[in-house]
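Let's take a friendly walk through this structure together. Keep the model open beside the text as you read.

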Amino acid sequence: QESDKRPVPESQRVPFRLHRANFYAALELSKRLSLSWDYAALALALGVYAQDSRNLREAARLFDLLAQHWTLEGDLVGEASAYHQIGMIAQAEGDSVAARKSYLKSLAIEEELGNEIGAALTCHQLGRIAEDENSLAEARDWYLKALQIFEVHNEIPEIATVYHQLGSVAE
């Protein structure tokens with residue numbers, strides 16, 4: 001499951017704690033200097049670190065900045081990815097309304113781009129939200145949509161995961 005990542009090891013946290021201000025200063029400087037890829041890389045790294053450290057509010061803020069950045073840059077791939085991460089964070093916080101909204105934004109972009117695997121991953125997350133809300137028929141529909149795509153692309157681990165989820169929503 002995507003939201004069950006292991007925490008950042010302490011050996012990696014200490015250097016970041018010592019230099020966190022430098023990373024944020026670099027983020028602001030890259031924005032001021034219009035260094036698009038540097039800004040995106042720093043926002044992503046800081047967002048992932050915050051998410052892995054369970055600082056979900058900061059992670060959401062950084063991924064929202066990243067989504068805005070990619071929207072302004074016209075980079076749909078980056079925008080879809082950022083919205084997916086925002087959905088993951090909202091889902092981890094138990095905010096299914098915000099999670100669904102972000103996932104649906106991501107899904108629309110993934111479908112527009114023809115990124116079937118990205119769309120399937122997002123459909124799976126939408127199924128998990130529906131399952132958490134005990135909307136089993138809706139969950140099954142999302143899971144089946146994901147499964148169909150994963151099977152076409154022979155994504156064996158994802159197929160197994162979706163079959164497991166389908167088993168949990170079987171009526």
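**A walk through the helices**

At 28% relative accessibility, A26 counts as partly exposed, a class that lies between buried (under 20% relative accessible area) and exposed (over 50%), judged with a 1.4 Å probe and protein chains only. You will find A26 in helix 1, which covers residues 10-32. Twelve residues along the sequence from A26 is D38, and their C-alpha atoms are 8.7 Å apart in space.

Before going further, a word on what you are looking at. This is a predicted model, in which local features need pLDDT of at least 70 and side-chain atom pairs count only at pLDDT 80 or more, while totals for chains, interfaces and linings use all residues. Residues are numbered from 1 along each chain as its sequence is written, and side-chain values use heavy atoms, with hydrogens and water left out.

Now for the overall plan. The protein has eight helices and zero strands, where helices (H or I, at least four residues) and strands (E, at least two) are DSSP runs numbered from the N terminus. Along the sequence, the pattern therefore reads α-α-α-α-α-α-α-α. Of the 171 residues, 41% count as buried. The protein exposes about 9,600 Å², and carbon and sulfur atoms supply 54% of that area, as computed by the Shrake-Rupley method with a 1.4 Å probe, where for residues only the protein chains shown count as cover. Among contacts (heavy atoms within 4.5 Å) with a separation of 6 or more, 50% come from residues 24 or more positions apart.

Let's turn to helix 2 (residues 36-52) and helix 3 (residues 56-73), which pack at an angle of about 155 degrees with their axes 8 Å apart. The axes here are lines fitted to C-alpha atoms, for helices over the stretch in contact, and angles run from 0 to 180 degrees between N-to-C directions. The contact involves residues of helix 2 including W37, L44 and V48, and residues of helix 3 including L62, F63 and W70. By class, this contact of helix 2 with helix 3 has 15 nonpolar, four polar and two charged residues. In this scheme Ala, Val, Leu, Ile, Met, Phe, Trp, Tyr, Cys and Pro count as nonpolar, Asp, Glu, Lys and Arg as charged, and the others, Gly among them, as polar.

What angle do helix 4 (residues 76-92) and helix 6 (residues 116-132) make where they pack? The angle is about 20 degrees, with the axes 11 Å apart, and helix 4 and helix 6 are therefore roughly parallel to each other. Their contact is made by H84, M88 and Q91 of helix 4 and by L121, T122, Q125, R128, I129 and D132 of helix 6. The residues of this contact divide into three nonpolar, four polar and two charged.

Our last stop is helix 5 (residues 96-113), where A98 has its place. A98 counts as partly exposed because its relative accessibility is 28%. A98 and M88 are ten residues apart in sequence, and 9.8 Å separates their C-alpha atoms. Leaving aside neighbours within four places in sequence, S102 is in contact with Y83, I86 and G87.

Definitions and conventions: Parallel < 35°, antiparallel > 145°, perpendicular 65-115°, else oblique.
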